[in-house]
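I opened this file to look up how the chains are put together. My notes follow, entry by entry.

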Amino acid sequence: MKPIEETRVVVGMSGGVDSSVTALLLKQQGYDVVGIFMKNWDDTDENGVCTATEDYEDVARVANQIGIPYYAVNFEKEYWDKVFSYFLEEYKAGRTPNPDVMCNKEIKFKAFLDHALSLGADYVATGHYARVERSEGKTKLLRGLDNGKDQTYFLNQLSEEQLSRVLFPLGELKKPEVRKIAQEHGLATANKKDSTGICFIGERDFKTFLSHYLPAQSGEIRTIDGEYKGTHEGLMYYTNGQRQGLGIGGPGGPWFVCGKDLDKNILYVAPDNHPSLFSEGLTAEKVNWINGQPKTTTFTCTAKFRYRQPDQPVSVTVEPEGRLTVMFAEPQKAITPGQAVVFYDGELCLGGATIDAILQKVYHGKLDFVKAN
Amino acid sequence: MKMEHIYLDHAATTPLHPKVLESMLPIYQKVFGNPSSIHYFGREARKLVDDARENIAKAIGAKPNEIVFTSGGTEADNTAIIGTAMAMKAKGNHIITSKIEHHAVLHTCQYLETQGFEVTYLDVDEKGRIQLDEFQQAIREDTILVTVMYGNNEVGTIQPIREMAQILEEHSALFHTDAVQAFGVKKVEVQALGVDLMSMVAHKINGPKGVGFLYVKEGTPFSPYQHGGEQERKRRAGTHNVPGIVGLEKALVLAAENRDENDSHYRRLQTIILQYLEEQHIDFSVNGDVKDCLSHILNLYFPGIKVEPFLTALDLGGVAVSSGSACTAGSVEPSHVLSAMYGKEAEQAKSSIRISFGLYNTEEQVTQAAKIIAQTVKRML
C-alpha cells in the first residue's frame, strides 16, 4: 500500500459543512487531498444570482483554510442527460423519482469518480453519512453511525467497484459532532444552513419549477369510492400519502392521496387509515446488489421505502428476470412508485431497487397487483 | 511534498518587477498627498503624477494631456466605449467590434445593445484575424465607434489596426483599440497605429494591479464614465492612485526598453515547447498564427483532451496555465475566441490551453513544463 501522504483523495466539495469537514479530516489524517466542486446545474436566477457561484466561493474559502488545492468541474451536460432527463421521464410516467439516488450512481460516483481517477486519485471522498468496510478483498457499504442521518438509502445503486474507490470519513460521526469540528476549526461553512430538498430546485416552489418542463393537465379528484371531491392541478404534483395542498375539505376528511389513474387523469384520495392507503408488498426493478445477488431466491431482511424511515422486516423474492417481489411483515403506508426500496442486513446495506408497483389487498379481498398506483 | 510551481499564465497577470516595486515603495512611505490639493503635500504628489503622465505619453508617442489614468484595462475599455457612445449618440448608434474581444469590450457592447445601440460583431478567420473587406462592408453612415483589440489575449493574433485606421480615415467614427496584451512585445505608437483611443494596463507588464490608462487623442469627443471630482480634466473622477501611477510609468518604460529582447526570449521559449511536443509525437496543433502573433502567447489544441481535467492535472503537476476564457463557479466555459475561429461546436474550443510567458521564465523551466504537459497528455488520452 502507498504511504498515506502519497495517497491522493479527491473530495467532492459542495460548499456545505459536511464536505468541508470531510476534506479537513482527510487532510488531518495526512492524505494528499484535492478539493473539487461539481457544477451540475446552471441556476442563475432573475437577479443574476447563481448559488453555484456562491457555493464555489465557500469551497475556495474552506480549501484555503485547510490548505488544499481546489478546482471545479462542469457536469451540467452529464447531469441533464443522466439525472434530469430521468427525473422528467419518471414524472411523465406518473411516478415520483429520486434524483439523489441517480446523481450518486451516474454523477458523483461515476463521472466525478472518473474525473478524479484521471487526476491520479486513489480515492474520492464525499460528506455522506455512511461507512465503507474493506476486508478480504471485499468492499461493503454500512450505515452511518448517526442513525438519523444515515444516507445509505441514496447510495443503494452503487456497485462494489465504485465503493472500492470511496472514502466516507463522516460515517463514524454524528451531525452535531461534524458541526462542532467545523466550528472548532473556524471553517467558513461551520454555520451554513444545510441544503434541503432536490438540489436543482433548491428553495423554489416545486410546482412552478416542474411546470417549466412538463405540461400540467388539471383533472378530477375523486374518493376511492368514486365520489367527486374537487380538481387537481396535474397528477405529477401529487405523491402517495400526501395530505397538504389538495385543497379539499368537507366531511370525512382529512384526505390523503392514495392513487392516480393516468389514463383518465384522476387523482384518488381516501380518509386517514383507509385500507387503500396501505399495501402489503411491492414489486421493484433496476435492482442492484452491492456484493452480488443473494444466494437464495427468497430471503428475509429489513428494508426502507423512504429516507429516514425505520427499517421494516420484509421477505424478498428474486424473480427469474431479476425483478423483485417484496412482501411486508406489516402493511405499509404510502409506498411510492419511482422511489427506492433499500435492503439491509443489520448494519450492512445489501443494495436496492426502484419501486415499480405496490401490492394491495383489493376490496374483494384478493391479493392482486395494482400497477403503478 | 515541495514542488516547484512553474508560472506560464502571464497573459492573466505578471509578477511585479523589482524596479517597479523600488519606484513605488518610497511613494507609499513618504508621499501621501492628494494631487488635487493646493498645498505643499498636494503639489508633491501632483508632480509625480505629471511626470508619470509625461513619460507614459512619450512611451506611446502621445501628448501628456492625452493620457487618462484609470483603475485598469476594464475601466479603460468601458470608458472608451460607453464614453464614446454617449458623446457621439447624436451622430449615430452603430458600433463595430469583433467576436474575439476581451469580455471587458464584448460585455460592454452587449450592455450598450440593451440601451438602444446597434453592434456588429465581426467574424474572424481560422487564424483569428479580421478580414478587411468584411470590416469595410460593416461600416455604415451611422457608425460611431470601432473597437478592436491590437493583440488577442487567448491566441495572440494581431489585428490589422493600421489598415483599419486607414479605412476609417474619411469616416467620423472613432477608433479604439485594447493594447493591453500587445504592449510588452509589440511597438505601440498611437500615431502610427492611427487610433483615437487606446487602453493599457500596468499588471500585464510587471506593473502593479489596479492601475492603467486610456489614451484619448486630442480633440476626440468624450463623455466621462466615472463622475465626481475634476481630476484628469474632468475625464475621470476619483483621487489618483499615486504609487500605482508611478509603478505604471516604471513598468511601461522598462517594458518598452526591453521589448525586443523579451520578444526574442519568448520566441525561443515557444520553440522549446513546440519542438519538445513534436519530439514526443504528441498530437497537437497551434491555434492562431505562430509566426505573426504576440510571442508571449502560445495556444495549443490537444485533440481528445478535456480541458478541465487537463488544467487541473497540470496544476497538480506544477504547471500553471489556463484555457484563456472565462470561468463560472470555477468551471471552464468553452472559449468564445476559439469558437469564433473554428465554429461554435468546434473541438478546439473545449480542448485547448493557453501558455503565456513572462520575464522570469527560463529555458529550463519551460523545458520542464513541456515535459509535464507531454506526460499529462499521454496519461489522459
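Predicted model: local features only at pLDDT ≥ 70, side-chain atom pairs only at ≥ 80, totals over all residues.

Residues are numbered from 1 along each chain as its sequence is written, and chains are lettered from A in the order in which they are written.

I looked up the spacing next. Across the boundary, 29 residues of domain 1 of chain B are in contact with 28 residues of domain 2 of chain B; contact is C-beta atoms, placed from the backbone, within 7 Å. On the domain 1 side, α10 (259–279), β10 (297–301) and α12 (336–342) of chain B each supply at least two residues. I found that α12(B) gives the largest share, five residues. Helices (H or I, at least four residues) and strands (E, at least two) are DSSP runs, numbered from the N terminus.

**Chain B overall.** I noted 13 helices and 14 strands in chain B. I checked the radius of gyration, taken over C-alpha atoms, against the globule rule of 2.2 Å times the number of residues to the power 0.38. For 381 residues a compact globule would have a value near 21 Å, and chain B has 21 Å, which agrees. The C-alpha atoms of chain B fill a box of roughly 65 × 55 × 35 Å along the principal axes.

**Burial.** Buried residues make up 51% of the 381 in chain B; buried means 20 or more other C-beta atoms within 10 Å of a residue's own, with C-beta atoms placed from the backbone. I then picked α9(B), where 13 of 16 residues are buried.

**A residue in the core.** I looked at B:Y215. In the largest nonpolar core, of 194 residues, A:A23, A:V341 and B:Y215 touch the most other members. Such a core is a set of buried Ala, Val, Leu, Ile, Met, Phe, Trp, Tyr and Cys residues joined through C-beta atoms within 7 Å. Beyond four places in sequence, the contacts of B:Y215 include B:I60, B:A62 and B:V190.

**Chain A against chain B.** Last, I counted the chain contacts: 15 residues of chain A are in contact with 11 residues of chain B. β3(A) gives the most to the chain A side, with four residues.

How values were computed:
Contact = placed C-beta atoms within 7 Å. Buried ≥ 20, exposed ≤ 12 C-beta atoms within 10 Å, placed from the backbone.
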